[in-house]
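Open your viewer and get ready to click through a few stops. At each one I'll tell you what to select and what to look for.

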Amino acid sequence: LTSFTDEARIALDTLSGRASGLFAPSLRVGVTGLSRAGKTVFISAFVHNLVHGGRLPLFEAQKSGRIARAFLEEQPDDAVPRFQYEDHIDALVKARGWPESTRAISELRLTIEYESASGWGRMFSRGRLSVDIVDYPGEWLLDLPLLGKSYAEFSREAFELTELPVRAELSDAWRRLSATVDPGADADEMLARGLAESFTAYLRTCKLDERALSTLPPGRFLMPGDLDGSPALTFAPLPGLGDKRARSGSLHAMMERRYEAYKTYVVKPFFREHIARLDRQIVLIDAMQALNAGPGAMADLERALTEILACFRPGRGSFLTDWFSRRIDRILVAATKADHLHHESHDRLQAIVRRLADRAVKRANFSGATVDVLAMAAIRATCEGSVKHGRDTLPVIIGTPLKGERIGDETFDGETETAIFPGDLPAKVDMVFEQSDGKTQEEALRIVRFRPPKLERTAEGVTLSLPHIRLDRALQFLIGDHLA
Ligand code: GDP
């Protein structure tokens, strides 16, 4: 699968990466997750807390006062858009609104100057580490398995997935249109476009629908980046191909050629230029949304996570193994938005993520890297309290719901601070993975989106930083050992 030029280029990239590494140690940290998982918010909070000396008691270098300064520098890759950190912080801090979400790849270099923890290290000048943060849509990553699949296999699997109960109805229009098509008929641009649009609409409803499904390749159909409307994106699976070879000039041949072009011009370069050069990776998941949508969505999230992990540290025998120039040695699977739950449920959320990740690691033919899990809120938009309800005292979270958010009949105005009883996560992890019919509204979590918080004063009362839950644990795992 890997052509000679692919391998030669990877070797060159590795050499140049190593050479520059001799002068300024750098660590490439990938940040991914499906759309709206919280990537933009995570990176903004990560950088802001380091630059502004935020409260990070579990991030050892900061806690022990060894970080001299952290600042942004020019990024190493000129061809990759810069992560618009300043705009995102303006949105969060000045307007108290959420920033624009990730739509394509972007990068930011944060350089940290620190004192070494050992006396020996301190004798030689101050340490310096450049962290290159690479933000990219998880949807794009989920394309990597396509490299190992023929067009016929891709088509067969796409139709098999539509047979799952959660997807049957959502895919109905696309399947009915596909059933009217003869793959052996002459190629027709308008028909190809119609099929691609209908297929894309199905993928989009999977994502937007309250069922919150996760696995939806090809990723650029949902997150096209700058490829919108190009032929490499104008294809769709065709039904009933079996082992048939495509007749030249047929619709089948046209779709197959475009599928292969998508792999060659979109998926391979993305993998080679970005994924294969990462050292560390955080995968953000919106477990809360999936939990709320029920076991079907949880199973789908697990499938997506399995496929994502399989891309990072493929075990022996995987066609991806030869492609890596660096080896990702740590992966953090983190559920974001834990501030939507009372802290009593945080450990339960983490246990659920652990179960998801353990099963995904087992199924992913995965080897080597250390995988940890975390329930966190990169930005904490709520605080906690309790309210009396009859004789009971209920734990609540308090925040300002975004304008237009609703619970029952109540619609919020975006200005009023409100106490909300979010509901509990089940004590038994199994329950969230098991199909139980007749789930009542009372059992569902009450999730409303809150406005970002005001900045809080750090312990010293000097700087202002963004509040969070366990962001410091994430930092310690991802970069802490490089600041020793
Ligand atoms: P992306 O698509 O992965 O870049 O997702 P974003 O980072 O833009 O996050 C999507 C939305 O999730 C935001 O607009 C927020 O409403 C919400 N969100 C993300 N992270 C947090 C968090 O830590 N706390 C809270 N309360 N909401 C969050």
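Start by selecting Phe42, which counts as buried at 0% relative accessibility (buried means under 20% relative accessible area, exposed over 50%, partly exposed in between, with a 1.4 Å probe and protein chains only). Helices here are DSSP runs (H or I, at least four residues), as are strands (E, at least two), and they are numbered from the N terminus. An α-helix has 3.6 residues a turn, so residues three or four places apart point the same way.

A quick note before you go on: this is a predicted model, where local features need pLDDT of at least 70 and side-chain atom pairs count only at pLDDT 80 or more, while totals for chains, interfaces and linings use all residues. Residues are numbered from 1 along each chain as its sequence is written, and side-chain values use heavy atoms, leaving out hydrogens and water.

Next stop: aromatic pairs. Rings of Phe, Tyr and Trp (its six-membered ring) pair if their centres lie within 6.5 Å; planes under 30 degrees apart count as stacked, over 60 as edge-to-face and the rest as tilted. The whole structure has 16 such pairs. One of them is Phe42 with Phe46: their ring centres are 5.8 Å apart and their planes stand at 75°, so this pair is edge-to-face.

Now select Phe199 and Phe221. How are their rings arranged? Their centres are 5.9 Å apart with planes at 80°, so they are edge-to-face. Phe199 belongs to helix α10 (residues 189-208) and Phe221 to the loop between α10 and α11, so the pair ties together parts 22 residues apart in sequence. Both Phe199 and Phe221 are buried.

Then jump to Arg220, lying over the face of Trp140 at 3.3 Å from the ring centre. For this, NZ of Lys or CZ of Arg must be within 6 Å of the ring centre and within 35 degrees of the ring normal. Arg69 does likewise over Phe71, at 3.8 Å.

Last, pick Lys337, in the loop between β6 (330-335) and α14 (346-363). Its phi is positive, about 65°, though it is not a glycine. Most residues other than glycine have a negative phi. Lys337 is partly exposed, at 25% relative accessible area.
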